[in-house]
Amino acid sequence: MAGTEVSSYPPLFREEKGSIHGGVEGEEGVKVGGGSSESDPLPVMDLECMEMEKLGEVCREWGIFRLVNHGIPLSLLSQLEDHAKRLFGLPFESKEAVFTTPVSYFWGTPALTKSGVALSQTPQNVNWVEGFNVPLSQLPLLQTQDPIIASFRLILEEYGRHLSRIARTLFEAMAKNLGHDPKQYESSLDESSGIVRVYRYPLRPNRDHASHMEVHTDSSVLSILNQDEVGGLEVLKDGEWLSASPISNTLVINVGDMMQVISNDKYKSVIHRVKVAKERERLSICYFVFPEENTVIKSSKYRPFSYNDFRSQVQEDIKTLGHKVGLKRFKINDDSD
Ligand SMILES: O=C(O)CCC(=O)C(=O)O
Ligand SMILES: [Fe+2]
């Protein structure tokens, strides 16, 4: 596959390419799932038959769950994966030159500016990832003569419609479970803010136990993840890292920071990271959806702020401190930091 050509990696990722054997075997204290449903620790929710009580319990105790019966055709998922692999296989310089706006190419960090440019990262805390950032509402502006990019766009548009539907359905069920008036909370989920990130995690052979994506929570209301069969997503639950195994035709849903605020801290924004424990490249496709950016989010636990305020604070913290501080910045009576 073209994707394994060394020239398709950012230069920093090429140095260790010579010795791809002796990869990471897992780690003590981490249950590394083998991809079968027996080893899957995540609670499972069915989109076609939503159990409201269980949904509330899962969002309070886990902040993450597996979704089945999501209604996205398998053929669409595999077409998307196929196209992503072909585009990642282009030479690094072409990816940088071709994908600027509205779809941008980035590497080394998932922290991007509003226009999709990577915030700079020191070599010590570089994330072993590259990706395409796709603001769904701007996809029609992507002009191209390239047939693969043109069909990538069409596939993403269709995928985006499914994700909006899934996010809206889940959000309404969560609002109902929280006893919120759905009308009042309508602008807390703005489908036009939806972003898809297509990630490729290259091999990292000589860095046993190093993260491919560092520990974090998502800033979104909800995130919807579709990972390939390699796996590597890990979730912190009761002080233990659990592996969210890849299971075909299922999605993983994360409660994000904004949902935690909307729920007055009843739901929790899940702490997670990516560590690829196999000698294989990994591909994942993540969707993030946010509140309407200027609407003030009401909560008794936080001072009033909009998503715009939150994003600016996160970006400032990453620039000045090197990491996201997150919700603590807005919490009432929190004396930390
Ligand atoms: O690639 C994954 O599985 C997760 C990525 C992630 O956590 C993120 O982009 O926030
Ligand atoms: Fe994440």
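Which residue stands opposite V134 in strand 6? In this predicted model, the residue of strand 6 that stands opposite V134 is V196, and the legends below begin with the strands around that pair.

**View 1. Strand 6 pairs with strand 5 and with strand 13.**
Strand 5 (130-135) and strand 6 (190-201) are joined by six bridges and run in the antiparallel sense, with V134 facing V196 across the pairing. Strand 6 is also antiparallel to strand 13, and here eight bridges connect the two; within this pairing V198 stands opposite I285 of strand 13. Ten of the twelve residues of strand 6 are buried, so the strand is largely enclosed by the rest of the structure.

The side chains of R200 and E281 form a salt bridge in which N and O are 3.1 Å apart. This pair links distant parts of the chain, since R200 lies in strand 6 whereas E281 belongs to the loop between strand 12 (272-274) and strand 13, 81 residues apart. Both R200 and E281 are buried. Salt bridges with shared partners bring R200 and E281 into one network with K95 and E130.

**View 2. The buried residues of helix 2 lie on the same side of the helix.**
Helix 2 spans residues 74-88, and its 15 residues reach 21 Å from the first C-alpha to the last, close to the 21 Å expected at 1.5 Å a residue. Its buried residues are L76, L77, L80, H83, A84, L87 and F88. Because these residues cover an arc of only 135 degrees around the axis, they are on the same side of helix 2. The elements against which they pack include helix 3 (92-98), helix 4 (147-177) and strand 8 (222-227), and strand 5, strand 6 and strand 13, shown in the opening view, are also among their packing partners.

The iron ion (ligand 2) is coordinated at 2.1 Å by NE2 of H216, OD of D218 and NE2 of H272. Along the chain, these donors follow the spacing H-x1-D-x53-H. D218 has a relative accessible area of 7% and is therefore buried, whereas H216, at 21% relative accessibility, counts as partly exposed; the cut-off that separates the two classes is 20% relative accessible area.

**View 3. Strand 9 and strand 10 form a hairpin.**
Strand 9 (residues 233-237) and strand 10 (residues 240-243) run antiparallel and are joined by four bridges. K237 is placed opposite E240 of strand 10. Two residues lie between the strands of this hairpin, and D238 takes a positive phi near 50 degrees.

The side chain of D257 meets that of K324 in a salt bridge, with N and O 2.7 Å apart. Distant parts of the chain are linked by this pair, with D257 in helix 5 (residues 257-262) and K324 in the segment after helix 6 (307-321), 67 residues apart. At 2% relative accessibility D257 counts as buried, while K324, at 23%, counts as partly exposed. Q260 is found in helix 5 as well, and its relative accessibility of 16% places it among the buried residues. When neighbours within four places in sequence are left aside, the contacts of Q260 are V255, D265, Y267, K268, S269, Y302 and L327.

View 4. E186 is partly exposed, with a relative accessible area of 42%, whereas K183 counts as exposed at 63% relative accessibility. The count of salt bridges in the model comes to 17.

**View 5. The whole chain gives the setting for the close-ups.**
The protein chain has six helices and 15 strands, and 52% of its 337 residues count as buried. Among contacts between residues at least 6 apart in sequence, 75% join residues at least 24 apart.

Notes:
Residues are numbered from 1 along each chain as its sequence is written. Chains are lettered from A and ligands numbered from 1 in the order in which they are written. This is a predicted model: local features need pLDDT of at least 70, side-chain atom pairs count only at pLDDT 80 or more; totals for chains, interfaces and linings use all residues. Side-chain values use heavy atoms; hydrogens and water are left out. Two strands pair if DSSP finds at least two bridges between them. Donors are N, O and S atoms within 2.8 Å of the metal (3.2 Å for Na, K and Ca); water is not among the atoms, so sites may look incomplete. Buried means under 20% relative accessible area, exposed over 50%, partly exposed in between (1.4 Å probe, protein chains only). The expected span of a helix is 1.5 Å times one less than its number of residues. The arc is that of the directions from the helix axis to the C-beta atoms. Contact means heavy atoms within 4.5 Å. A salt bridge is a side-chain nitrogen of Lys or Arg within 4 Å of a carboxyl oxygen of Asp or Glu.
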